[in-house]
Amino acid sequence: MCGIVGYVGDKQAVGVLIEGLRRLEYRGYDSAGIAVPDGAEGLCVVKRQGKLADLEAAPELAGLVGTTGIGHTRWATHGVPSERNSHPHLDAAGRVAVVHNGIIENFHDLRAELESEGIEFRSDTDSEVIAQLIGLELAGVPGADLAEAVSSVCRKLEGAFAIAVVASDSPGRIVGARRHAPLVTGVTETGTILASDIPALISETREIIVVEDDELVDLRAGSLVVSDIEGRERVPDTVHVDWDVAAAERSGFEDFMLKEIHEQPRVIGDTLRGRIDTVTGSLRLDELRTSDDELRSANKVFVVACGTSFHAGLVAKYAIEHWVRVPVEIDIASEFRYRDPVLDARTLVIGVSQSGETADTIAACRYASQLGAKVVAVTNVVGSSLAREADAVVYTHAGPEIGVAATKTFTCQIAALLVLSLYLGQTRGSLYPSEVRGVLEQMRRLPEQVAEVLDDVDPIRAEAGRWARVHDAFYLGRGPAYSTALEGALKMKEISYLHAEAYPSGELKHGPLALIVEGVPVISVVTAGHVQKKTISNVAEVAARGGRIVLVANAGTDMGGLLPDTVFEVPETHELLAPIVDSVVLQLLAYHVAKQRGCDVDRPRNLAKTVTVE
Ligand code: M6R
């Protein structure tokens, strides 16, 4: 997730761009840059790795007096955070500059094609292909039109993009386009403006035009034209936005946590994007730098992580053992690093960390490397310490997460880990291609299934309303659903400060059942799976002790005579994929209970987003 902004009008562009980027910093903050066409100088580009403040401090900005420009604040997806990978990217001739938010799925093929024609790339990003392609469309074609060139290139791109393009041959003009990534635009008192998100616009205008998929916008100082990719113009409607800036950064949601919960359909899609070969239906993991032989020779897998990432890792254990038939151990990173684990060169260690900076997870992976194991990092932050030190990386593409409580990064971690597990199965031949395709088919439906859960929030809010006197709650699940239960309980305790514990449901009668008294809520995940009936009979034991039975279940589940107090119905999927769908209900339950208790869900007490000390 990155932020893009573009302005053309009477004011000096730099000021408007910096102000817009400041409002978009929550979308990315590892580097920033701007491009301003200047008649005499061509395109002037200033970029800095680091925060926007580093760009603002650049002395070169002072000389930029142009009134057209584009800007970008980056959250790296392809290529580490660095000046070379920062946007805007230029074509080979330095006449076209592009800022991009999204992921270009076919950039490897496009780049290979361009390189075979002798074009030299100057970055490791997927975005640079866009600039190079537009440059080629314009090169040597007298009178070539920028909007036509952009439209022609958009037809070649697969994946998600919102772009803004300027060219030295088209002064006073910006062309924008989008597909599966947000882009908004508007007319201001002094010109026209576009951005990836509303906060960047509202200091200039509150009348917003939402650009649709496969549409282009052509911005000049006195005009704004919206058309489809074929060039057919549309008369756009404007929407009046009266959010203040802080609310706009949260897209109108009350908190970042709620916003991030609602981003899940999109970011789960982003995490899966580009990993599935659309022609063969098989998997592609571009960032995996280990050889297939190394993956084939592994005879043991360890998963190491902390907190929420550990819960996601648990799903990988179930998935790898089931699909790959290799023994998997999972450990809390702070335990693993001090417990003398047995591993060698044939061990594959998967380190899972949203931030990629968690001290214990990094130390655990370092220790594994010293013992000769191959380390694969699953992380959300490109170029993080874990990503840099690992032998291979699978990124989660969830975008920055501001809320301390992990939500979208959890479901994206599971999605990435499932892709990795399938890849291992595919590479080692433990899965038939048809089996891989079958699971991928179900994975493709996950964004829409999660969206269905988000649309059905009333029963969750109603249940939260019954928790005014609750002090303790218990969460049950078996198999992958145990991961959902663990994460549900963690969300509840960290943001609502209620005591919440999760158990594998079969473990209940070995002790915790003593805590079940009249009215204690017991949230059980009983979605479809081979142990569903067993969990339901464990829930019956709770019901017999007077516990309040709250179920996460699929419609039409045979409850075997059990009479639950509340059922949250969720769409059915493969049991290894179900934690992605089911945990969204528990995120929302924790959120609404916490809000009713007046808690600050974005900044829970005593907790930090990234734990860089052991
Ligand atoms: O950045 P990491 O995934 O390594 O962080 C590990 C934990 O600190 C983290 O998952 C934590 O448990 C969550 N923020 C809780 O919501």
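A residue is called buried under 20% relative accessible area, exposed over 50% and partly exposed in between (1.4 Å probe, protein chains only). The model is predicted: local features need pLDDT of at least 70, side-chain atom pairs count only at pLDDT 80 or more, and totals for chains, interfaces and linings use all residues. Residues are numbered from 1 along each chain as its sequence is written, and side-chain values use heavy atoms, with hydrogens and water left out.

**Exercise 1.** Compare the span of helix H10 with the expected one, and state how covered the helix is.

*Solution.* Step 1: the expected span of a helix is 1.5 Å times one less than its number of residues. Step 2: H10 (residues 307-324) has 18 residues and reaches 25 Å from its first C-alpha to its last, close to the expected 26 Å. Step 3: 14 of the 18 residues of H10 are buried, so by the definition of that word H10 is mostly covered. Step 4: after H10 comes Arg325, with a positive phi near 60°.

**Exercise 2.** In what order do the five strands of the open parallel sheet stand, and which helices pack on them?

*Solution.* Step 1: two strands pair if DSSP finds at least two bridges between them. Step 2: the order is E22-E21-E23-E24-E25, with parallel pairing. Step 3: strands E22 (499-504) and E25 (566-570) each have a single partner strand, so one side of each lacks a neighbour in the sheet. Step 4: from one strand to the next, the twist averages 20°. Axes are lines fitted to C-alpha atoms, for helices over the stretch in contact, and angles run from 0 to 180 degrees between N-to-C directions. Step 5: helix H19 (residues 532-544) lies across E21, E23 and strand E24 (548-554), running at about 160° to E24. Helix H20 (residues 578-596) touches E21, E23, E24 and E25, and its direction makes about 135° with that of E25.

**Exercise 3.** Describe the largest nonpolar core.

*Solution.* Step 1: such a core is a set of buried Ala, Val, Leu, Ile, Met, Phe, Trp, Tyr and Cys residues joined through side-chain atoms within 4.5 Å. Step 2: the largest has 95 residues, of which Trp323, Leu418, Met443, Trp467, Tyr475 and Leu589 touch the most other members. Step 3: helix H14 (residues 408-428) contributes the most, with twelve residues. Step 4: domain 2 (260-444) and domain 3 (452-596) each supply at least three residues; these bounds come from an automatic or database domain assignment. Step 5: apart from neighbours within four places in sequence, the contacts of Leu589 include Trp467, Tyr475, Ile523 and Phe568.

Terms used. Helices (H or I, at least four residues) and strands (E, at least two) are DSSP runs, numbered from the N terminus. Contact means heavy atoms within 4.5 Å.
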